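Please study the sequence and the structure before reading each solution.

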Amino acid sequence: MTTDQSGGGEIGDAERPAALIDPNHKPGTPDTLPVLPLRESVLFPDMLLTHSVQDPRDIRLVDDVLLKDRFVAFVPVARPAEDPTDPAILRGRGCVGVILKMIKFPDGGVRLLVQGLKRIDIRAILQRDPYFTARTAVAPDILEKSVAVDALHRSLRDEFARLLELLPHAPGEAKLSAANITDPGRFADLVAANLNLKLEERCAILDASDIKRRLEQISVLLERELQIVELGTKIHEDVKQKINRGQREFFLREQLRAIRNELGEGDDRVEIAELEKALADAGMPEEALKEAKRELSRLERMQPNSAEYTVARTYLDWMAALPWNKTTEDRLDVAKARKILDADHYDLAKVKDRIIEFLAVRKIHPQGKSPILCFVGPPGVGKTSLGRSIARAMGRKFERISLGGVRDEAEIRGHRRTYVGALPGRIIQGIRRAGAGNPVFMMDEIDKLVSDWHGDPSSALLEVLDPAQNAAFRDHYLDAPFDLSRVVFITTANTLDAIPSALLDRMEVLAISGYSEEEKLGIARRHLIPRVLADNGVKKSQLKFDAAALRAVIGSYTREAGLRNFERELAAIARKIAVKIAFGEKGPFTVKAEDVKKHLGPPRFFASEVARTEPPGVALGLAWTASGGDLLYIEAARMPGKKHLTLTGRLGDVIKESAQAALSWIRTREKKLGIPEDFFENEDIHLHFPEGATPKDGPSAGITLVCALVSLLTGTPVRPRLAMTGEITLRGKVLPIGGLKEKSLAARRAGVRDVIIPKGNEHDLGELQPEVLRDIRFHPIETIGEMLPIAFPKMRAGPGGEGKAPFGDRRAKPARAAKKRARK
């Protein structure tokens, strides 16, 4: 026992922790070493150790030692380090080692390769910071030659050789070292370093200076390890006899099963019985129950470690979880359903009437088939939210899936049970999530299905959306019929063009057009503003929107058929007000028209843009897109050339053919229009459609193309604030077009005052909102000649029966009659 030079206390034998600090002992003496605490490992003499360092104190120690002699005292910790600078955490016995190699990692950590040299005892701690430094003394081995020591050494060598033979992945270095080490103390350290021992057991071996005691301790530990390895080998052999070559990948699972059998936990009958009861309680039809029982009987004969077991078990779980006979009770109170629909949605009278009709029929005839509706309209008009309202009005569960980008038929009909990852299709998955067999099931973006070599998902939907077939829908995964006739299917689309005709024939199409300014105002007050205020934490009493401000946002900052951008702009204003409230300003705040520019910046749209038709050769058409109606400018130019017609603006084939037809019609009536007969002999004509990045196609631009060409060739500007739409023929007829409501709303948003439409679309005027009929004067025409006096007020149509009335005369009467019918 020695005493620290500072007289602070005494140091006991190697079993006791070091706890003294000698501030007067200067480092640098031969017995002074930096101390690196080992928290999870122990270094033995003459052994190699790989050690990771993360603690900043330890990293600092390594950096300093590498600049000197690389000798470090590696000392195991005695207890968890609450205070890393407290020397009481160190044991009194360690091992001096030399750092052979160091690797630094990007996270700042260090990995060391260390070789142990000698056992040492910590005599005194000389410093705490930046790391421990201690005065040490070599702890020599105590060896008394005797027959007992030789017997222990020989027995230990034999047992260790047996262990290395039983371990298939034993390191070759251990076998080589065991054959060459003759010293019993070093051999005991070699065995301890290669056994899977606890930290306390390793420390006990390190603390044993007496070679005989060390040999006795390691012999006990080696015997225990041998028993564990031999039992593991026995389990391995038992498993190996039960599996064939094709099942070697399940070796670990078989080992686990053999262990459970040894513990008496290998009975799987309880799990099978629970699954059988779940299938009986599911209420599935007879055919499905027969298929489930057949699969259950196969499951009982399978090994749990086989791939087929996993597939069968997953299948039975799906069969038991589906709502075969679980349904929700319909709310058949028609008056209450009407109130819910009116509260959730503004206008949409046709859609609401169709839902009320369905509920009325279901109330009278409960066994009737559910409708399959298809909501078609531009984005942001409320198609998806309308589906939720229908479910709420009917008291049913609501489930939604998106079909955009779906290209694999198995996504609809399910995967066949030929591999582990097989699953039912998205229809059956949605029914399971809903937890009822009669939900309102919405399939968004049905017009964006993709067909390729994976299959045609639209063809797979034919069975789902056919009321005559879906009562026995057969998913490939279930391989049993499931009744979908109780489900109310609702699909949504932006356009019908991409939907196959066979699929479209199975759905009842309900068009949801864009909203007028008055409708947007009503929706904003009833739905958008309360939602925006709630989302941004602003109370209703703190912020109000003036009607003029809402109109300014609609007209100058959004130009859309739906409401998404409108809601975004309202949210931007609400956030500006929220910032003021957060800075302590007191409300209430009222947003007026003059405040909108301050909150949203300069206006993005101007009604005066339609005046771009002033130069000759420019005409304004109306187009229908998946996002609603839009304006279509056509610019014409002439130049010297050789009878060449150039078309630019990313155009489709149909619109190119319309341009050819328009030019041909003009060339057949050159004299009547006052155009030189040889105008096209030495000239080229260029027709350009601005916004060239946007694809354009369709026949409805024909009348606009004629107007632009006549304006160019006669040098007469088109009447301002006039738009038109209509398909033309070479005989000068104007044929009906589609999307008149969307086009009319776009024209009104842009400030158009007059619209030329085909005579065949006059009956569609009754579908327009009263404010559209009030602000726009419609001019139905049958021939191209009737368009000329309207587009060019000073021009009268020439002979040929194409109409001789000047603008504003006889051709406005049918539109006024339609307005009167609409008001009634």
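A residue counts as buried when its relative accessible area is under 20%. The model used here is predicted.

**Exercise 1.** State what share of the residues of the protein counts as buried.

*Solution.* The protein has 824 residues, and 48% of them count as buried.

**Exercise 2.** Describe the largest cavity by its volume and its lining.

*Solution.* Step 1: the protein has 4 cavities of 30 Å³ or more, and the volume of the largest cavity is about 50 Å³.
Step 1: the residues that line the largest cavity are Val35, Pro37, Arg39, Asp55, Arg57, Asp58, Pro84, Tyr131 and Phe132.
Step 2: at least two residues of this lining come from strand 3 (32-38), and at least two from helix 1 (56-65).
Step 3: sorted by type, the lining holds 5 nonpolar and 4 charged residues, with no polar ones.

**Exercise 3.** Determine whether Thr492 is buried or exposed, and name the partners of its side chain.

*Solution.* Step 1: Thr492 lies in strand 14, which spans residues 488-493.
Step 1: the relative accessibility of Thr492 is 4%, so Thr492 counts as buried.
Step 2: the side chain of Thr492 forms a polar contact of 2.6 Å with the side chain of Asp444, and it reaches the backbone nitrogen of Glu445 at 3.1 Å.
Step 3: leaving aside residues up to four places away in sequence, Thr492 also touches other residues, including Phe375, Lys383 and Met442.

Definitions and conventions: Residues are numbered from 1 along each chain as its sequence is written. This is a predicted model: local features need pLDDT of at least 70, side-chain atom pairs count only at pLDDT 80 or more; totals for chains, interfaces and linings use all residues. Side-chain values use heavy atoms; hydrogens and water are left out. Buried means under 20% relative accessible area, exposed over 50%, partly exposed in between (1.4 Å probe, protein chains only). On a 1 Å grid over the protein atoms alone, a cavity is a set of points where a 1.4 Å probe fits but cannot get out, and a pocket is an open set with protein on both sides within 12 Å along at least five of seven lines; lining residues have an atom within 4 Å of a point. Grid points are joined across faces, edges and corners, and a volume is the space filled by probe spheres set on the points. Helices (H or I, at least four residues) and strands (E, at least two) are DSSP runs, numbered from the N terminus. Ala, Val, Leu, Ile, Met, Phe, Trp, Tyr, Cys and Pro count as nonpolar, Asp, Glu, Lys and Arg as charged, and the others, Gly among them, as polar. A polar contact is a pair of N or O atoms within 3.5 Å; within protein, one must be able to donate a hydrogen and the other to accept it, and residues adjacent in sequence count only if both atoms are side-chain atoms. Contact means heavy atoms within 4.5 Å.
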